Amino acid sequence: KTLAEAKAAVKANPKKKIKGETEEQFLMRKFGVGSAEKTVEEQYEAALSAFDDEEESEEIGIAIIGRPNVGKSSLLNSLFGSTRAIVSDMAGTTRDSIDAVMERPPPEGSDEPPTIYRFIDTAGIRRKGKVDFGPEFFMVNRALRAIRRADVALLVLDATAGVTEQDRVLAQKIADDGRACVLVCNKWDAVVNKDSNTFDKSVKFFREELPMVRWAPIIFTSAATGQRVGKIYGCVDDAINAHRKRVSTAILNEVLRDATLWQPPPSKRNGSQAKIYYCNQVSTRPPTIVVFCSDPKMINDGYRRYLDRKFRESLEGFEATPIRWIFRGRRARDVMRSRSMNGNPGDGGSGTSFPFPYAD
C-alpha cells in the first residue's frame with residue numbers, strides 16, 4: 001500500500017518530495033541520478049532482514065511405534081482431537097507412515113516461540129519371519145526409518161496383552177538408534193479388577209520385561225477415552241531435554257571416581273586389573289560419554305551396565321534417553337604426558353610435570 005501511494009505521488013508531481021523520502025533520494029530522483037528500483041529493493045531487503053533476528057521454532061519429531069492393533073492411530077487422533085488416521089479393529093489398517101504437524105502455543109506471559117511437534121504414525125511392525133516381500137515389507141521399512149528420523153519414540157504397548165517378543169525387539173531397536181523413548185501403555189481402561197496396587201505392579205512388570213529401555217518413563221493411557229493422553233506432551237518435553245543434556249567434565253569424573261571406589265573395574269585371573277583414568281562427554285542426541293582406561297577389552301557388559309546405573313542415580317535429567325558408552329585404551333604414561341605443565345610454583349597449573357613438578 002505504501003509503495004503504491006509513493007508511485008502515485010511520483011507520477012502526479014515528479015519534482016516534489018514525497019513522504020518518507022530523504023533529501024538525497026529526492027535529489028537523485030529529480031536529476032535522474034541512481035535507480036528508484038534499486039532503492040526499493042534495498043528497502044525491501046532491509047525489511048526482510050528484520051525477521052532474521054526472530055527465533056524460529058524447532059520442529060520435534062515424534063514417532064509412534066508398536067505392534068499391529070495396539071492403538072497407535074487412535075492415540076494420534078486423541079492427541080489432535082480429530083480424525084487424522086483411519087481406525088479399525090482389523091490389524092494392519094495403517095499401510096504407510098502419516099505425518100501430522102501440531103503447533104503448541106507457549107505458556108501465557110512467556111516470550112518463547114511456540115513448540116512444533118511432528119507426529120509420525122507408523123504401520124504396525126510384525127515379527128520379521130511373518131513379513132513377506134511385498135507391501136508389508138516396505139511398510140515395515142518405512143516404520144523403521146521413522147524411528148531414525150525422529151527425536152522421541154513413543155513405544156505403544158497393549159496393557160491387556162502384556163509384553164511380547166516383538167515389543168522387546170522394537171525397544172532394542174529404539175535403544176540402538178539412540179532415540180529418546182516414552183513407554184505408552186494403551187488400553188488401560190480395558191484392564192479389569194484394578195485396585196490400589198495395580199499401577200505399581202504394572203510398572204514393575206514392564207520394567208522387568210523391557211530391561212533395554214528401563215530408563216524410559218511409563219505412562220498408562222486410554223486412546224478411546226482420552227485418559228492421561230495430555231500428559232504425553234510433558235513426557236516428550238522431558239525426553240527432549242534429557243536427549244540434549246550436557247554435563248561438565250568435572251562432575252562426570254567425580255561420579256566416575258565414586259563409582260569405581262564402590263565397585264572396582266574387573267580383573268583377569270592372573271591378577272591384572274583394568275584401570276579407569278577419566279571420562280568426558282563428547283556429544284549429545286544421545287549423550288555420549290568416552291571413558292579412557294588401560295584395556296577396553298577388560299570392561300565387560302556387566303560393568304558397563306553398572307556405570308550406566310550409577311550415572312543415572314547420581315545425575316538428574318537422564319531418565320528418558322539412552323547413554324552411549326565408548327571405552328578407549330590409553331596407557332598411564334600417555335595420560336601423564338598429556339597433562340599441562342605446572343610452570344612456575346603457585347601459578348595455578350592444572351597438571352603435574354614429571355619427574356620434577358616444581359621445575360621452571
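In this predicted model, helix α9 (residues 249–262) and helix α10 (residues 301–314) have axes that come within 10 Å and cross at roughly 125°. That angle makes α9 oblique to α10, since angles over 145 degrees would be needed for roughly antiparallel and 65 to 115 for roughly perpendicular. The crossing of the two helices is right-handed. On the α9 side the contact is made by Leu252, Val255, Leu256, Ala259, Thr260 and Trp262. On the α10 side it is made by Tyr303, Tyr306, Leu307, Lys310, Phe311 and Ser314. By class, the contact of α9 with α10 has nine nonpolar, two polar and one charged residues. An α-helix has 3.6 residues a turn, so residues three or four places apart point the same way.

Helix α4 (residues 72–80) has seven of its nine residues buried, so this helix is largely enclosed by the rest of the structure. The buried residues are Lys72, Ser73, Leu75, Leu76, Asn77, Leu79 and Phe80.

| Element covering buried residues of α4 | Residues |
|---|---|
| β1 | 59–66 |
| β2 | 98–104 |
| β3 | 115–121 |
| β4 | 152–158 |
| β5 | 180–186 |
| α8 | 231–243 |

Just after α4, glycine 81 takes a positive phi of about 75°.

Strand β1, one of the elements that cover α4, contains alanine 63. Alanine 63 counts as buried because its relative accessibility is 0%, where the cut-off is under 20%. Leaving aside neighbours within four places in sequence, alanine 63 is in contact with Ile120, Ala146, Ile147, Ala150, Val152, Ala153 and Leu154. Alanine 63 and arginine 148 are 85 residues apart in sequence, with their C-alpha atoms 9.0 Å apart in space.

Turning to the protein as a whole, there are eleven helices and nine strands. Buried residues make up 38% of the 360 residues. Among contacts with a separation of 6 or more, residues 24 or more positions apart account for 66%. The protein exposes about 21,700 Å², and carbon and sulfur atoms supply 51% of that area.

Notes. Residues are numbered from 1 along each chain as its sequence is written. This is a predicted model: local features need pLDDT of at least 70, side-chain atom pairs count only at pLDDT 80 or more; totals for chains, interfaces and linings use all residues. Side-chain values use heavy atoms; hydrogens and water are left out. Helices (H or I, at least four residues) and strands (E, at least two) are DSSP runs, numbered from the N terminus. Buried means under 20% relative accessible area, exposed over 50%, partly exposed in between (1.4 Å probe, protein chains only). Contact means heavy atoms within 4.5 Å. Accessible areas come from the Shrake-Rupley method with a 1.4 Å probe; for residues, only the protein chains shown count as cover. Axes are lines fitted to C-alpha atoms, for helices over the stretch in contact, and angles run from 0 to 180 degrees between N-to-C directions. Angles under 35 degrees count as roughly parallel, over 145 as roughly antiparallel, 65 to 115 as roughly perpendicular and the rest as oblique. A crossing is left-handed if the near helix is turned anticlockwise from the far one by less than a right angle, and right-handed if clockwise. Ala, Val, Leu, Ile, Met, Phe, Trp, Tyr, Cys and Pro count as nonpolar, Asp, Glu, Lys and Arg as charged, and the others, Gly among them, as polar.
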